[in-house]
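Here are some notes from a first pass through the model you sent over.

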Amino acid sequence: DGNGIISTKTKLDYESQNSYILNISLSDGNATDYATVFVKVTDVNDNSPVFAITSTTVTVLENVPVGTSITSVSATDVDEGFNGLVVYMLKGGEGKMDIDTSGLISLEKELDREKQGFYNLTVIASDQGQPVLSTALNLTVVIDDVNDNHPVFSASSYEVSVLEDEVLGRVLLTVSATDLDAGANGLVKYRIVSQQPPTSSPMFLLNLTTGQLSLSQQLDYESIKQFEIEVEASDGGQPSLSAKTLVVVRVLDVNDNPPEFNQAAYDVSVFENLPKGSPIYTFSVTDKDEVGTKLLVIAYYDGTILVNGYVDRETKEKYELLLVASDNGVPQRQVIERNTLFFIYKFFLFINFGVCAFSESWFSPVTCQNFTYVNIQVLDVNDNAPQFTKAQYSANVHVATAKEGVAVLSVSATDLDVGNNSVISYSLLNNSDDFRINNRTGEITLSSNLGHITADTVVTLIVIAADHGVPQLTSNGKVTVRVNDINDNPPVFSALIQTNLSAPENAASLDLGIFSATDRDIGVNALISYSLQDDFSGMFHINSSTGKLVTKKSLDRETMDSYELKIIATDSGKPSRSASLVLSITVEDVNDNPPVFPQKSYSVTVKENELPHVILSATATDEDIGYNAIIHYTIIGEAYSFYVGELSGNITTLQPLDYESCSQYTFILKAFNPGEPSLQDTANVTDMNLLFLVTVEDVNEEGPIFDKPSY
C-alpha cells in the first residue's frame, strides 16, 4: 500500500507454494527506485497423516512363527519437518503384535486360533507438530486354522454290559470325539482298530460318522466273557491327526444251567484271622451259568466259601454249615426235590437242637446232589500278644536292707492263644545292673546290694512278655521301683560360687547374694537350713531357708576393712550332715572423710625483697584410701603474691615482698579431694588474732626523705 506495508490477499498454503519473490518500486513522481522482496512461507501443522492402504482385513495362519511380518500400514504427512514426521502406535492385539517405526506390524507372541480367532487392531499415526494431529486405522487380523489339534474322546475309556442273547444290530453305545480345529481339520471319523480277543470275523460294527457301536455276531458268555475294542478317531486335516480309546464290552450271562455238588460232606480246616473275603474252600459245584450260582452260606459264585466276618478261634473253634446250591436266574434253576427239602429241615434240627427227626416216611434217598454239609475246624494263629495282669507294677526298696537276690515283685501276663502261641517268656527291655527277672516266672530280684545309690531314686523297668509263636508277639509292662535312701550325703556348695566379695561402706542394707547348697538325698534328708558361724554382732544375716545373705548394719571401712564369714548348710536328716562355705568380704572405701590440717592457723615471717621461695608447707591428711584420699590444695581470696602447690601444699611467694607496700597478708588455704562427694578443709592465714600471719620483715633500704624539697 502507500505506506509500504505488504499484506496477503489470500490464504497461504505451504504445501502448494512455500516461497514468493516480489518486485517493488518506489517513486516520488520524479525519481523511481526498485527493490526485490523474498517471502518464505513457514509450514504450519495443518495436515493429518494419511494411510496408504485401504484394506482393513488381514488373514494369518495360526502357526506362523514369532517375528513374522503381518502387514504394513505406513502413513504420510504432507507437512514439513516435525509436522510431517509420522510415528505409530498400536492398540489391541492383547500383546500378540507390535508395530515398528516404519508402520510394519509383526507377530510378538504365538497365535492359537482355538483360543482366539481374530484380533481387532487400531493403528494410530501421529505427526510431531504442535498441536499433534493423528489418524486412526482399524484393522481386523483373522487367524486361519491349522490342523494342530487331535480329536479328543469324551471319555478315556468306555464300558458297556450286554446280555449274551442281545439282538444283532442294536446300538450298544456311542463313542464321541471332538476336534478344536475348524473345517476339514475338525471333521472326525471313527473306525475299529483292533478287537481282543480276536475272532474269525468281527463281532462289532462302528458307524464311520456317528460313532455308534453295534453287534454284528451273536455273543456267547460261556466262550468269551469280555471284549476290548480299540477305537480310533481321525480328523480330515493334511496330515490327519488321530486319537484312540478303549471300549470294554462285558458279556452278561443268561441263566440256562442248574448247579450240582459232587460230594455229600466235607471236612475243612482253616486258620483264624483270615481277612474278610478270603477263600476257605472251593467246592465242585458245577453250573455252566455263572450268574445264577448262589450258596445259602457265605459263598462266592464259583463255589468257594469266603470269610464274611471275623474268624476268631478264641471265640469259636468249630463251625458246621449246610450248603445248598441254586442259581439266581429267572426262572431260578435248581435240582431240589420235595424229599431233599425234608432232609435239609431235619439236618438243621439235628445240628442246632440235637433232635433226631429222621423218618423213612419223610426221607427217601436223594439222587441229585445239590446240597452238602461242611465241618470247619478253626486252627489257632498267634494273633494275641501276651497281656499283663496289671497296667503298671510298683514296689519300694530300702537301701539299708537291700541285698542281692532279694525279691522285689513278680509280674504276670496271659495269652489267649494255645500251644506254643501261649507260652510266655519275660525279659527286661534294657539291661540293669541292679535288677534281673526270671524269664519263666516273671519274678524281679535285686542283682546288687544297691550300695552305689546315694539318693532316693525312682527306677523304671520295662518288662517284655513274649510268646513262643511264629511270628513272635510281645507286649511291654511298666515297673516302677522306688529306692529309698538313707541320709548319707552332706549338703554341697557349688564350686562355682564366688567366695571373694566386696561391699561398699555406709550402705544401710546390702544384698550379698544367695549361697545355697544341694543334697543328693531326697525328702527330709535333703531339706537344708542355713546359718552363720559369726554374724559380727548382728552385722550380717542369712535366710535360713533360702541362703540369702544381707547386711543389717552399715559397714565402715575405717573401722573394719574386711570380714571372713562362714556359712553353714545343715540338712534335716537324723543324724544331720552339714557343710560350710567361707566368704572373704572386702569393704569398699567411700569418700566419707574430709582432708584435715594438723592445725587450724599458721603464722610465718618473710623478709622483704627476698627472692620467691617456699615459706610454708601445710600438709593435710585423709582417713580414706585410694582416689578418695588424694588431696588437692588451693588458695581462696586475693593473695596474688602467693602460690600453693596443688598436690604438695607448699606455699611459695611469687615475687619479692615490699614491706613499705604491704606489711602483712591473710588468705585461706583450702584442702580438698576430688572424690564423690567432694570433701574439704580450710586453714586461714590471718592477722594476729587468727594465729596465722604472714608478716613482712622490714629491711633498711630506704634513706630519710624530706617532706618538702625546700623550705
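This is a predicted model: local features need pLDDT of at least 70, side-chain atom pairs count only at pLDDT 80 or more; totals for chains, interfaces and linings use all residues.

**Notes on the model**

1. Asparagine 673 sits in the loop between β51 (667-672) and β52 (680-685). Is asparagine 673 buried or exposed? Its relative accessible area is 0%, so asparagine 673 counts as buried, the cut-off being under 20%.

2. On to charges. The count of salt bridges comes to 13. Arginine 113 takes part in a salt bridge with glutamate 114, where the closest N and O atoms are 3.1 Å apart. Aspartate 145 also forms a salt bridge with arginine 113, with 2.8 Å between the closest N and O atoms. Aspartate 145 belongs to the loop between β11 (134-144) and β12 (152-153), and arginine 113 to the loop between β9 (104-107) and β10 (118-126), so this pair ties together parts that are 32 residues apart in sequence. Arginine 113 is buried, with a relative accessible area of 17%, and aspartate 145 is buried too, at 17% relative accessibility.

3. Another pair to click on is glutamate 166 and arginine 170, whose side chains meet in a salt bridge (3.1 Å, N to O). Which side of the burial cut-off does glutamate 166 fall on? At 15% relative accessibility, glutamate 166 counts as buried, whereas arginine 170, at 47%, is partly exposed.

4. There is also a salt-bridge network, and it links Arg313, Glu314, Glu317 and Asp380.

5. Now for a sheet. Four strands make up an open sheet with mixed pairing, in the order β28-β35-β34-β31. Why do β28 (392-398) and β31 (424-428) each have one side left without a neighbour in the sheet? Both stand at the edges, and each has a single partner strand, so one side of each is left without a neighbour there. From one strand to the next, the twist averages 25°. In general, strands of a sheet pair through backbone hydrogen bonds, either parallel or antiparallel. Here β28 and β35 (residues 474-484) run parallel and are joined by seven bridges.

6. Strand β4 (residues 57-61) has two faces to compare. Val58 and Val60 make up the covered face, while Thr57, Thr59 and Leu61 make up the uncovered one. How many bridges pair β4 with β11, and in which sense? Five bridges pair them, in the parallel sense. Leucine 61, on the uncovered face of β4, has aspartate 144 as its bridge partner in β11.

7. Last, a surface item. Ile6, Leu22 and Ile24 form a nonpolar patch on the surface, and together they have about 220 Å² of accessible area. Of these, isoleucine 24 lies in strand β1 (residues 19-27). Isoleucine 24 is partly exposed, with a relative accessible area of 30%.

Key
Residues are numbered from 1 along each chain as its sequence is written. Side-chain values use heavy atoms; hydrogens and water are left out. Two strands pair if DSSP finds at least two bridges between them. Axes are lines fitted to C-alpha atoms, for helices over the stretch in contact, and angles run from 0 to 180 degrees between N-to-C directions. Buried means under 20% relative accessible area, exposed over 50%, partly exposed in between (1.4 Å probe, protein chains only). Patches are made of residues with over 30% relative accessible area and no salt bridge: like charges are joined within 9 Å, nonpolar side chains (Val, Leu, Ile, Met, Phe, Trp, Tyr) within 5 Å. Accessible areas come from the Shrake-Rupley method with a 1.4 Å probe; for residues, only the protein chains shown count as cover. A salt bridge is a side-chain nitrogen of Lys or Arg within 4 Å of a carboxyl oxygen of Asp or Glu.
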